[in-house]
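My notes follow in the order I checked things.

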Amino acid sequence: MGNRIIYLDHAATTYVKPEVFEAMKPYFTEHFGNASSIYSLGRESKKAIEEAREKVAKALKSEAREIYFTGSGSEADNWAVKGVAAANRKKGNHIITSAIEHPAIMNACKYLEGEGFEVTYLPVDSDGAVSLEDLKKAIKDTTILISIMFANNEIGTIQPIQEIGAIAREKGIIFHTDAVQAVGNVDIDVNKLNIDLLSLSGHKFYGPKGVGALYVKKGVRITSFIHGGAQERGKRASTENLPGIIGLGKAIELATENMEAYNKKLLDLREKTIEGLMAKVPYIRLNGHRSSRLPGNVNISFQYIEGESLLLMLDMLGVCGSSGSACSSGSLDPSHVLMAIGLPHEIAHGSLRLTFGDVNTQEDVDFILEEIPKIVSRLRDMSPLYEAVKNKK
């Protein structure tokens with residue numbers, strides 16, 4: 001292996017593509033004007049921002065004036081949830097979300113509970129999918145917002161977004177979706193899918209970190225997120241991250257142009273990995289929906305081992321993955337997503353998420369299919385629980 005890195009954590013972040021970096025470079029050094037300035041250097045910056053806005057709008061099949069640039073996907077999520085709640089408080093105080101949302105949504109909702117809002121956290125089935133019947137039953141006269149993620153960042157399950165949006169629209173409820181993992185992986189038409197607000201983040205599809213966007217359907221009531229100047233039509237003050245916005249625009253353009261070929265490649269790698277691990281390693285479970293999932297997502301729980309130990313041993317081989325367990329972030333609790341789909345603690349702690357991207361090859365898959373079974377076997381040999389299982393045979 002040498003010093004070669006096999007990067008299998010594209011759901012966490014991606015590198016910036018050379019074409020994106022090249023598009024950004026002039027805006028650090030030559031075309032650096034403040035877009036609020038009236039002289040030509042400022043006007044050039046303003047024009048470049050609007051061109052990037054058009055690219056994001058095109059990718060979502062929306063109008064440019066419905067796109068607002070933010071500092072991240074988490075900011076876009078917070079703005080959507082808190083902004084809609086504040087603007088529509090006279091109509092009601094009830095919000096519906098799911099039990100497997102990203103912490104940006106979960107913690108924004110918890111904050112709103114402290115501000116007097118009522119939040120329903122819908123359960124999911126063993127595949128991580130929300131029930132439309134549960135959603136219908138949860139709706140009240142006071143419901144003002146439904147926020148359900150497009151695709152889960154851990155287990156890859158894609159939700160029935162069009163149907164959820166249709167239910168919301170019929171009831172006159174605003175529908176937001178966190179599409180941070182979906183953009184670049186799924187074809188999105190916000191109008192056909194009945195979406196009122198959508199969050200995205202540049203660094204998930206080979207753009208820069210520190211820039212995201214929020215789509216807000218024309219006519220949706222939402223408060224300003226940052227008060228100050230008139231940037232982003234007065235809704236999100238602060239001098240624009242000019243190079244970041246240019247990079248986001250270029251990255252989303254590339255991602256949507258090449259989506260079909262990209263998805264096919266990722267799907268092939270995903271299927272080979274899932275089938276290979278299922279055939280080679282006993283006592284494992286695929287997490288997330290078998291087919292309605294992101295093309296590059298593999299999330300598997302290995303019984304009788306700790307996911308952190310598996311990750312560290314893979315890291316020694318140059319393989320970058322992630323765990324469903326949050327041990328590395330200082331918490332001993334397993335992933336809330338894996339708990340929500342019904343996994344017991346001991347199985348949730350033994351999970352591994354591998355997410356493929358455009359740098360990955362069949363050789364990468366061959367390597368991990370060779371090494372993961374050996375590592376799992378070694379770890380299980382140290383497990384008294386596994387010893388007991390073997391002795392029962």
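I call a residue buried when its relative accessible area is under 20%, exposed when over 50%, and partly exposed in between. I keep in mind that this is a predicted model.

**Salt bridges**

I began with the total. The structure holds 23 salt bridges. I looked up three of these pairs, with a reminder first: side chains of opposite charge can pair when their charged atoms come close.

Where do Arg53 and Glu50 sit relative to each other in helix H3? They are 3 residues apart in this helix, residues 40-60, so about one helical turn separates them. I then checked accessibility. Arg53 has a relative accessible area of 3%, so I log this residue as buried, the cut-off being under 20%. Glu50 comes out at 28%, which is partly exposed.

Next I took Glu133 and Lys136. This salt bridge has its closest N and O atoms 3.5 Å apart. Both residues belong to helix H6, residues 132-138, and they are 3 residues apart, about one turn of the helix. I noted Glu133 as partly exposed at 45% relative accessibility. Lys136 is partly exposed too, at 44%.

Then I turned to Lys272 and Asp366. They form a salt bridge, with 2.8 Å between the closest N and O atoms. Which parts does this pair tie together? Lys272 lies in helix H9 (residues 259-280) and Asp366 in helix H13 (residues 362-381), so the pair links parts that are 94 residues apart in sequence. I found Lys272 partly exposed, with a relative accessible area of 30%. Asp366 is partly exposed at 38%.

I also followed shared partners.

I moved on to strands. An open sheet is formed by 4 strands in the order E9-E10-E13-E12, and the pairing is antiparallel. Which strands stand at the edges? They are E9 (284-286) and E12 (322-323). Each has a single partner strand, so one side of each is left without a neighbour in the sheet.

Technical notes. Residues are numbered from 1 along each chain as its sequence is written. This is a predicted model: local features need pLDDT of at least 70, side-chain atom pairs count only at pLDDT 80 or more; totals for chains, interfaces and linings use all residues. Side-chain values use heavy atoms; hydrogens and water are left out. A salt bridge is a side-chain nitrogen of Lys or Arg within 4 Å of a carboxyl oxygen of Asp or Glu. Helices (H or I, at least four residues) and strands (E, at least two) are DSSP runs, numbered from the N terminus. Buried means under 20% relative accessible area, exposed over 50%, partly exposed in between (1.4 Å probe, protein chains only). Two strands pair if DSSP finds at least two bridges between them.
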